[in-house]
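Hello,

Here is the structure I said I would pass on. My notes on it follow below.

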Amino acid sequence: MQQAEGAPIALGRKGCGHQGERERVNDLKVRVVGSGAREHALSWKLKQSPHISELFVAPGNAGTASIARTLDIAPDDTQGLAAAAQSHKIDLTVVGPEGPLSQGIVDVFQERNLLIVGPSKAAA
């Protein structure tokens, strides 16, 4: 099923008190973790979404700097990335490189009840 253009997307947070409720959002803050071509492609496509109000990339590269706000945080600094997600009120983090995934970035984010796309350390 495809979503109608311009319709708000549903976003749920496990364990944050919504207990199955889903929020409708149109102004997501999203961050892409990484600095390569994969992360540039992800950022470029995410920037096209009408549901994203602000796009961040950490650490990014010259190409991503023209389409997203760059945060100077290394991809393997999982605690720093989680802290930045909280301080910048980032709604969703998308991880490009395998390194942070195998180091457990998803586990760290889930412990802090932060939304992130990627497998757990055990699954990575």
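Notes on the model

Of the protein's 124 residues, 36% count as buried (buried is under 20% relative accessible area, exposed over 50%, partly exposed in between, with a 1.4 Å probe and protein chains only). This is a predicted model, in which local features need pLDDT of at least 70 and side-chain atom pairs count only at pLDDT 80 or more, while totals for chains, interfaces and linings use all residues. Residues are numbered from 1 along each chain as its sequence is written, and side-chain values use heavy atoms, with hydrogens and water left out.

The protein has five helices and seven strands, in the order β-β-β-α-β-α-β-α-β-α-α-β along the sequence. Helices (H or I, at least four residues) and strands (E, at least two) are DSSP runs, numbered from the N terminus.

Strand E3 (residues 28–34) is largely enclosed by the rest of the structure, because six of its seven residues are buried. E3 runs parallel to strand E4 (residues 52–59), joined to it by seven bridges; strands pair if DSSP finds at least two bridges between them. From E3 the chain crosses through helix H1 (residues 37–47) to E4, a right-handed β-α-β crossover (clockwise from the first strand over the helix to the second, with the strands pointing away from the viewer). E3 also pairs with strand E6 (residues 92–95), parallel and over four bridges. Val-30 stands opposite Leu-55 in E4 and has Leu-92 as its bridge partner in E6.

Thr-64, in helix H2 (residues 62–65), counts as buried because its relative accessibility is 0%. Leaving out residues up to four places away in sequence, Thr-64 touches Glu-39, His-40, Ser-43 and Val-57 (contact means heavy atoms within 4.5 Å).

Regards
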